[in-house]
Amino acid sequence: MAEKKRLNGSQILFECLLAEGVDTVFGYPGGAVLPIYDTMPQYKKIRHILVRHEQGAAFAAEGYARVTGKPGVCFATSGPGATNLVTGIANAYMDSIPVVYFTGQVPLSVIGTDAFQEIDISGISLPVTKHNYLVDNVKDLARVIKEAFHIATHGRPGPVLIDLPKDVQVHETDFEYPKTVNLPGYKPKYDGSQQQVKRAISTMAKSKKPLIIAGHGVLLSNASKELAEFVEKSQIPVVNTILGLGSIPEDHPLALGMLGMHGHAVCNYATHHADLIIGLGERFDDRITGDLKTFAKGADIIHIDIDPAEIGKNTHVTVPIVGDCKKVLKSLNKEIVKSSTNKYSKWMNELTEYTEKTAAFQERKLRTKSRKDSDIPRVSEVVQAIRKVADKDAIFVTDVGQHQMFAAQNYHFSHPNTIVTSGGLGSMGFALPAAMGAKLAKPNKEVWVICGDGGFQMNIQELQTLVQDKIDLKIVISNNGFLGMVRQWQDLFYKKQYIGTPMTVPNIEKLTDAYGHHYVKAATQGEILPALKKAKKIKGTVICECYTEPEENVFPMVPSGKSLEDTLIG
């Protein structure tokens, strides 16, 4: 029998990270985590990325997790270091992203005395973590870390926080990493009930206007292949939530696009008029349902989700199936009889006619044919240009706001996990650090970022992290002088009272130079493509500033509280 190693808590932490396959950690040191940082040189296989703000660490770890499926990892000190993580933790929680956060804490002997930089981060983070721990004995540390990674990655993924008092980091114990976890109260169900699968097939057989809503759960369970098989066998059209984009190529003949508040009009039309909705790994949140009183009225709903708490939470459900999307889709694919391509031809013709009608209306509204090279660019045109220039499998990271919706509408994602965006929480300042994490996770992939002038300034300090760690991003800033999405609501619903939304930015060219990056600019429509092509060719981080129309609005749009039937086309 091998002799157990005697290690201190900091060494145990790193041994556990190695055992979990962790190669990158995002962090910021401080007094309460100095033993951890002092131990770090002993573990050269783990790369530490020094962010410039702990929120940047949280978002970067999330970006890393989103493109790999592996849990991201963060370090932060106690007090303000820990509280600075909270927005990032909440973001990961809302979007079901596996991240494990390690925070320093004051020594056990002074917990509860309001010691310097003492904060109850376990209590603060309780509502936005799947689970959290305050470790009060070094003997428990290895087990706790094993459990944390298991909880973060099994069932519905999500964030877990481990709070480490300073003395636990230096106390010693015999180390042995557990091979298994024993969590009797946490047994996620992966295999859907076969009886319910058969009920779903029976319900599908009666439908004349079926629709699939594919959400983030399809990507989280790595079920894109199974989704494509299901769509092709059933010949049922599919729409995506914003976080589900890329789960099926948007050029697939049965893929309609994105639904919801700023979704494609045909997707909202299809959802409103369907007689059957098959929800795959999505939670029927308000941004895709609109007014719940009118959502899917009269339609049967088959809801497949690994989290039983989501089923029936917001909508009625005819056939609930609790399970992993990949496994449930495999079961459905075994049962389903391949449909004739004409089975839903009448329904598809109806959707095609609606698409053509709305497209003609939007073309007239936007007067697309009269656009000139000298015109101020629209954000949609910037996104379309990025799509032309970027590699086909490039990762596209957005911040939050109008540009995010324009990106979701216009980029056309064809590969899984190539859009990285903040969905449920809608956190401005997300894009720059999240892109940093995505690039470190996938160094051989091109990573493009699009930010508004507001979101860009929220975590602008991470531009220096890019310098120190030689991270190559192509960053496009839509500079329209406004907090665009808020201004749009003021325009449509508050009599154009633009209070608090006009925004100035620093001189981006000088700022870029100060950070040591490359700068290009596009002030007219004709300058967009040349500027982006130039940015692509330059080695290293490039900031491309695009001056865009100040009062451009995002359409389609479902006004808050309205039905999907009330979609404003433009």
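Guide: Welcome! A residue is called buried under 20% relative accessible area, exposed over 50%, and partly exposed in between. Keep in mind that this model is predicted.

Visitor: Why does Gly423 count as partly exposed?

Guide: The relative accessibility of Gly423 is 30%. You can find Gly423 in the loop that links strand E16 (419-420) with helix H18 (431-441). The C-alpha atom of Gly423 is separated by 24 Å from that of Arg52, and the two residues are 371 apart along the chain.

Visitor: Now to the helices. Why are H11 and H14 called roughly parallel?

Guide: The axes of helix H11 (residues 224-234) and helix H14 (residues 325-335) cross at roughly 30° and come within 9 Å. Angles under 35 degrees count as roughly parallel, and therefore H11 and H14 get that description. The crossing in which H11 passes H14 is left-handed.

Visitor: And what makes H9 oblique to H14?

Guide: Helix H9 (residues 194-205) and H14 have axes that cross at roughly 55° and come within 10 Å. That angle makes H9 oblique to H14, because roughly parallel needs an angle under 35 degrees and roughly perpendicular one from 65 to 115. H9 passes H14 in a right-handed crossing.

How values were computed
Residues numbered from 1 in each chain as written. Predicted model: local features only at pLDDT ≥ 70, side-chain atom pairs only at ≥ 80, totals over all residues. Heavy atoms only, no water. Axes fitted to C-alpha atoms, helices over the stretch in contact; angles between N-to-C directions. Helix = DSSP H or I, 4+ residues; strand = E, 2+ residues; numbered from the N terminus. Parallel < 35°, antiparallel > 145°, perpendicular 65-115°, else oblique. Left-handed = near helix turned anticlockwise from the far one by under 90°. Buried < 20%, exposed > 50% of the residue type's maximum accessible area, 1.4 Å probe, protein only.
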